[in-house]
Every structure is written in C-alpha cells, then in structure tokens.
Amino acid sequence: IPEVRDAFAAGDRDTLLRLFGPGYATIKDKVGVDQFQFHTPPAISFLRLHMPKKFGDDLSSFRQTVVEANRAHTPVAGLEAGVGGLGLRGVVPMADSAGRHAGTVEFGMSIGPSFVATFKTRFGVDAAIHFKDAKSGEFKTLASTFEHGLLAAPDWAEALAGARVIRQGEHDGLPVAALAAPVLDYSGKPAAVVELVMDAREYAGQFASARRTAIAIGAVVLAVGLLAAWALARSISAPLLDITRV
C-alpha cells in the first residue's frame with residue numbers, strides 16, 4: 001500500500017496508527033492476531049498496534065526473525081519467543097516507493113489458552129504447551145486443557161532435547177496415554193514442548209481382548225501338546241514294558 005510504505009519510510013507513526021488502529025481490534029478478536037508491529041533495522045520497535053505507547057526499544061538480542069528479515073530482505077515465519085511470550089510470527093520486509101529497504105512489519109499469534117482449546121475441539125485430545133524460562137531455568141506452562149498430566153519436568157526436559165516421550169497410566173480412574181515432543185521454532189531448533197494426553201480406553205479394551213485371545217490360544221496349544229506328549233510316551237513306554245517283562 002503506497003500510503004503505508006511512504007508513512008513508514010518517513011517515520012510517520014501517527015499516519016500508520018490512523019490507518020490501522022481501528023482495524024486492529026477486529027483482526028485481534030476475529031482472527032487472533034495478538035501482535036501487529038513495525039520495526040526499523042536491525043530490530044527497533046517503531047510501532048506496536050497492540051501497544052502504541054511503547055516504541056523505540058531494541059529487540060535484536062532475542063527477536064532473530066526480525067533481525068533476519070531486515071538483514072536478508074526476505075520474509076521469515078515460524079515460532080519465536082518475544083516480549084509477549086511464545087508466538088507464531090510472520091515478519092515481512094518493507095520498502096519505500098523507490099524500492100529502498102525501510103524495515104519490517106510483523107503479525108503474531110500467541111500460543112495460549114485459545115490455541116490449545118481449539119486443538120482439543122478439533123482433534124479430541126487434551127494438549128498443553130510448556131517452555132523453559134531462560135532466567136529461572138524452570139519449565140512454565142503457557143496453556144493447558146487439563147490440570148494434571150502423566151508427565152513432569154524431567155520428561156519435558158527430555159522432550160526439549162529432541163526425544164519423544166510416551167507414558168501410559170490412569171487419570172481420574174481412566175486409562176490414558178501421554179506424549180511429549182519438541183516444538184521447533186522458525187530455525188528448526190526446539191523452542192517448547194507440547195504434551196498430548198489421550199483417552200486410551202478403546203486401546204486398553206483392544207489390548208485386553210488380544211490378551212484374552214492369546215491366553216485362550218496358549219491354553220489350547222498347551223493342552224494339545226500335553227495330549228501329544230502323553231500319546232508319544234505311551235507308544236514308547238509300552239514296548240519297553242514288554243521287553244522288561246520278557
């Protein structure tokens with residue numbers, strides 16, 4: 001949009017706010033875009049539509065998507081942590097009317113309660129997102145559709161290292177299965193852990209049925225084997241007894 005490109009290149013924050021301020025509330029409520037932000041190189045916040053009064057801070061120490069988009073003049077998208085927490089972000093370079101690079105614009109969607117609630121509704125599986133706090137070194141839960149799972153911090157740490165952790169157990173008296181796996185950021189590195197907890201009653205029923213069938217087959221095979229052994233023993237022992245009597 002020429003007017004947007006010119007306003008951004010000219011450092012006209014008021015014009016950008018006038019153009020996008022009223023519409024931001026709509027895309028936030030209906031689409032879930034929590035962050036809408038313009039940056040100048042390398043990663044200086046120029047305008048946050050979600051927080052207009054805060055600008056001018058340098059994000060280059062932790063917002064590598066913005067740094068990369070400004071450096072390479074190419075779009076960068078994926079998971080990354082920011083001031084507002086972990087989120088799915090798309091950062092796109094912007095140029096002025098003459099084609100000179102002016103900075104970037106970003107749209108971000110938070111990984112929060114609405115995300116895991118939608119996941120559960122769509123797939124019928126409880127979900128939680130955990131991340132390791134850089135300062136404390138402890139795991140924190142961003143969002144969850146359940147209160148208590150089968151997994152704990154050691155399992156999450158194993159998953160964050162790249163492993164897939166699977167556990168079976170009971171929750172509220174029902175058999176469940178839990179999986180923890182790494183969630184990769186835009187660069188392919190583990191950024192968080194997703195924990196999925198699924199009702200395993202159907203699979204437990206199938207396992208019990210298969211076990212009963214296996215036991216029944218084993219009993220029949222054992223009975224047939226004993227009968228064959230008895231018949232074989234008689235066929236051998238009878239001549240030996242006759243020889244002994246002679």
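1. The side chain of E195 makes a polar contact with the side chain of W156, at 3.2 Å. A further polar contact, of 2.8 Å, joins the side chains of E195 and H130. These values come from a predicted model.

2. E195 belongs to strand β10, which spans residues 190–199. The residue is buried yet has no salt bridge. The nearest side chain of opposite charge is that of R167, 9.7 Å away, and a salt bridge needs the nitrogen and the oxygen within 4 Å, so R167 does not qualify as a partner. Leaving aside residues up to four places away in sequence, E195 touches a set of residues that includes D126, F146, L151 and L179, as well as H130 and W156.

3. Eleven salt bridges are found in a search of the whole structure. One pairs R48 with D57, at 2.7 Å from N to O. R48 is buried, with a relative accessible area of 3%, whereas D57 is partly exposed at 21%.

4. Another salt bridge links E106 and R63, whose closest N and O atoms are 2.9 Å apart. E106 sits in strand β5 (residues 101–110) and R63 in the loop between β2 and α3, so this pair ties together parts that are 43 residues apart in sequence. Both E106 and R63 are buried.

5. In helix α3, R71 and E68 are three residues apart, which means a separation of about one helical turn. They form a salt bridge with closest N and O atoms 2.7 Å apart. R71 is exposed, with a relative accessible area of 58%, while E68 counts as partly exposed at 28%. Elsewhere, salt bridges that share partners join R63, E80, R89 and E106 into one network.

6. Two backbone details deserve a look. The peptide bond from P41 to P42 is cis, with omega near -5°, and P42 is placed in the loop between β1 (35–40) and β2 (44–48). H73 has a positive phi of about 55° although it is not a glycine. H73 lies in the loop between α3 (64–72) and β3 (76–82) and is partly exposed, with a relative accessible area of 46%.

Notes: Residues are numbered from 1 along each chain as its sequence is written. This is a predicted model: local features need pLDDT of at least 70, side-chain atom pairs count only at pLDDT 80 or more; totals for chains, interfaces and linings use all residues. Side-chain values use heavy atoms; hydrogens and water are left out. Helices (H or I, at least four residues) and strands (E, at least two) are DSSP runs, numbered from the N terminus. Buried means under 20% relative accessible area, exposed over 50%, partly exposed in between (1.4 Å probe, protein chains only). Lys and Arg count as positive and Asp and Glu as negative; His and the chain ends are not counted. A polar contact is a pair of N or O atoms within 3.5 Å; within protein, one must be able to donate a hydrogen and the other to accept it, and residues adjacent in sequence count only if both atoms are side-chain atoms. Contact means heavy atoms within 4.5 Å.
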